[in-house]
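The structure is shown first, and the description follows.

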Amino acid sequence: MIWSLALWPVAAGLALWMLSRGSRRRLTALGLAAMGVTLLLSLVVAATGDTSSMAWSPALTLRFGLSAMTAAVAVLVPLVGLCVILFAGVHEAERGLARLLGLLLIFTGAMELVVIANDLVSLLVGWELMGAISWALIGHRWREAQATPSATYAFVATRAGDLGLFVALFACFAGAGSVDYAALTGLDGPYLALAAFGVLVAAAAKAGQGPFAPWLFRAMDGPTSVSAFLHSSTMVAAGAFLVARLQPSFAHVPGFGGAAMALGLATSLAGGIVALRQDHAKKVLAGSTSAQLGLMFAAVGAGWPGLAILHMIAHAAFKAPLFFAAGLAHERAGTFDLRRMRLGLALPVTGALAVPPALALAGAPPLGGAWTKEEIVTALGHASPWLAAAAIAAGGLSAAYATRFALLAFWPGEADETSRSNWRALAALGTLSFVTVILSGIWLPGPHDGVARLFEIALPSPGPWIERIGTLCALALGVLVGIYLARHPRAGERRDWLGLADLIDNGVIAPFLAAARLSARLDDYVIDGLGSGSRGRGLLAAFVVAARAAATGAARAGEAAMDLIPTGTGRLLGMAGADLRRTQTGLSHHYYVFLVAGVALGGVVLILGAR
Amino acid sequence: MLTLCILVPLLGALALAAIPSIRESTARTIAIAVTAVPLLLLLVVWAGFAPGAGFQSVAEARWIPSLGIAWRVGVDGMSLSLSLLTGVVFLAAVAWPMADLPRARAYYAWFAFLYAVSLGLFVTLDLILFYVFFDLSLVGMYFLIGRWGHGEAQAAALKFFVYTLAGSLLILIGIIALALSMPEITFDMRAIIAAAPLAAAGLPAALVLLGLFVGFGIKTPLFPVHTWLPPAHVNAPGPVSAILAGVLLKMGTYGLVRLALQMMPQTFVDWALPLGVVAVISILWGAIVALGQDDLKRRIAYTSVNHMGYAVLGIAVAGSAMGTQAARDIALTGAVVEMIAHGLITGALFLIAGAIWQRHQDYDMAAYGGLAGVAPRLTGATTLAAFASLGLPGLAGFVAELHIFLGAFAVYPWLAAIGLLGILITAALFLQLLGRVFFGALPAARTGFADLTRIELGILAGLLGLVVLIGVWPIWLLEMIGTAPVAVAGG
């Protein structure tokens, strides 16, 4: 039963992609129906607490199951997925729509596999499958020159991190003889450390943390609906989900918590600055995703994985509609350049619906995202006031970039003809916007204690009042900065990710490709060196020359080999027969000398070996 | 039964060669029939096969009793799975439609001949027969490349032939040494495996083992004796390349397990680490050099060096005396799965390369682009095969690499960690290949590019269907392979 949660969307997605022809409306309806069934399945599985296992190889058993906390994510994914399909059905180009919707469904299945996995192999299968489908999704508009290179960049970047997950898996198996999550708790010493940091690296890659951040920008070459799904409840969010899911096993690994907090907070601050300097609407949101995921990593590092999941849920509800809004703005403005938008009069409904998510991103009370962020600040404050201060600063940055984004995109600009967006796209945006508003209720003690009990997570005790004051000051300051920057847009292009993207391009990728070309030449000219038609200068050619000298010079060795030469050459002639004449080339003598050398070498071995 | 598997295609080859009145379409039908029959026979053998119970379906006929040579056939889990692979890949290659094929009768005759000797190599239990089949496979491949290849086909074929023959001579010496060291001279593999005759021979045993390493290493091929492979592939027709990569390379790794590992386990222990190091160098070098290629087929060819490096790493781990028995078993199982997976995946990739050549006689990736628009079926098949080759979970390559590295990490953690970088580079090189050939803008010269025909698509679907099946639900294959091969190898 539980595995159907992963299998059904994959099967339905494949069917939709391969079999469906028809109008936008029909495809969207089919996609919604399939995603709706997934949602139902997730609710049933969450309610029944079904578990399952599958003998996959003699040594490895795959296990699936949900905890209260992971069940919440299992339901969240298809819930956001419904809105994404609805939006994609009207917003994306009709050409290839069946493929796009099908891939979105398969992608959902891969994410659900990550959520229900109870062992590292199932996790790795879902994890990498998600990466592969993200490649296809980001490269969806493959006719555009940038699409496939960007998709490849994203896949290779995340796979570099996946190596960490491979290492964690191997360490777990080597240390415990099993790949179950349960076996992780039995590890100790270097195996446990390898597992913990391997998982952290893999999660950081998917979540766009630290050096892995630039792939999120490249992924912006994909369709907007894909970005919305990737950044809210799948792929990128999966990074935070994974560290939160496995944190209990790694809580006592020296340096794990500290590394997660340092990585998260550093990314949160850097991502905030990056988002603040961007003029590309989707890249602002991409930078903000890195920053928000950074807060989740910090929460996990501080020992509060439940808070990370709560922030992830709130983030999913407000990030997806912001992407929808950016997509609709692009439809109208024809560009993602924020400096050329100001669509408040042109898209009044879109603008209005984007306000609650933007406020939630800013961390403005009473929206739910503000509460989860505040709890993370409190949790970090219990570890150290400096960490809380860093999180407050990151919160201030989020207020600044959210304000700037909202104002540039949807502040009333020149009086322009109002255009009406498709109601279905607005419904997708409105639904999640509404959910964002509903989540405000979590500020009340009744609801948040209830949620904590339902998801079986702990909440930190209230921190000192100065943290609250600090947050409010940072919020106010951030909004003012955002307003200032929105009023004073700057011309010119910015380097992506403060130059980190260029550094990776010029410092890693280009040298490696050059090394590959050099290796290819070495292989042709040095290791082989026989070439085709040249005299040959490489190792093999040198061997041929040396063998010729040995064969002519060393008479005794030659005599020893004599017994075998007739055999060898006789066989050669016998087999080749008349056809051999066709193969006479100017280089044949090289080969024959080589053959003789092999025989001579063999003779020595025979003499020594078979006494 | 197994004897029949060899005789049927051999007779088919003779008939095709001897009867001049056979037309091309008839020749193809005959070749498909004599390829399919042994495959069916092998399925029957599989149905009665008990995993882990040693050599089965054994048949013996006296031949030269004074030297201990006899016609001996039989299969264990490893050779049965490789024989089945041989059947599947040959069926795909023979059935692959070849437009404007010159001397079709001879082409199919050589294919049937090569099929018979390839099957013979995997099912024989006599070392002399093993050697004969090993060399005869070179002959078949030599003519298939030389006569039906393109470009510098004859030079490439000769290079392949002489290079590999030099290696096979070292193997012959090893075989003779092993047989002579037996208390009573015999070439019976089962007896030699049971006796491990050179166990206490010191330096001579080491020399024999190194001879086997070099001989099989050339065939596999391992760095640095791999340079015959790219020209052979580039100049061979697609189906011939598929056989070369899908079946012939497996003979090298099969020999490493059967002769080096199983017959000389005590000596192997001392040389497992160096072999593992060479394997890791092959993994990385194959991948890096592949990334540096602009020629589609050379790029795929070098990934063979990479993938066979994984298999050899698994074998090296299995032959080490370190780690747990469970870890060594899992590595060897992984190595055999890698052979199967690589056979299916790379077989499919070379057939695809052949399809592209048949249409536009060009392997330069820069000459293509945007084929997804005109050839969606070809794009889909290539994408699936490429992801399988880069080890995507849910596909066969992942099962193999996962098992190899699981075992390797418990035995040689540093080697495993370095080798793991290979899967990152293969990801980059395959995705770059897909991007260059299939996506982006379509060059004007390629607007008429024809998509796969139904037959081509059906053949690729068969191969890739197996890749998906093994990837999603591998336990049937893993149980067939079993862990019997290592039971004798534990150091």
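At what angle do helix α15 of chain B and helix α17 of chain B pack, and how far apart are their axes?

## Basis of the model

This is a predicted model, in which local features need pLDDT of at least 70 and side-chain atom pairs count only at pLDDT 80 or more, while totals for chains, interfaces and linings use all residues. Residues are numbered from 1 along each chain as its sequence is written, and chains are lettered from A and ligands numbered from 1 in the order in which they are written.

## Packing of α15(B) and α17(B)

Helix α15(B) (residues 376-389) and helix α17(B) (residues 413-438) pack at about 170°, with axes 9 Å apart; helices are DSSP runs of H or I with at least four residues, numbered from the N terminus, and axes are lines fitted to C-alpha atoms over the stretch in contact, with angles from 0 to 180 degrees between N-to-C directions. That angle makes the two helices roughly antiparallel (over 145 degrees).

Residues in contact (C-beta atoms, placed from the backbone, within 7 Å) include Thr379(B) and Ala386(B) of α15(B), and Phe430(B) and Leu434(B) of α17(B).

## Helix α17(B) in its setting

Because 19 of its 26 residues are buried, α17(B) is largely enclosed by the rest of the structure; buried means that 20 or more other C-beta atoms, placed from the backbone, lie within 10 Å of a residue's own. Just after α17(B), Gly440(B) takes a positive phi of about 85°.

## Contact with chain A

The contact between the chains takes 59 residues from chain B and 61 residues from chain A. Among the elements of chain B that each supply at least two residues are α17 and α13 (325-360), whereas α6(B) gives the most, with 15 residues.

How values were computed
Angles under 35 degrees count as roughly parallel, over 145 as roughly antiparallel, 65 to 115 as roughly perpendicular and the rest as oblique. Two residues are in contact if their C-beta atoms, placed from the backbone, lie within 7 Å. A residue is buried if 20 or more other C-beta atoms lie within 10 Å of its own, exposed if 12 or fewer, and partly exposed in between; C-beta atoms are placed from the backbone.
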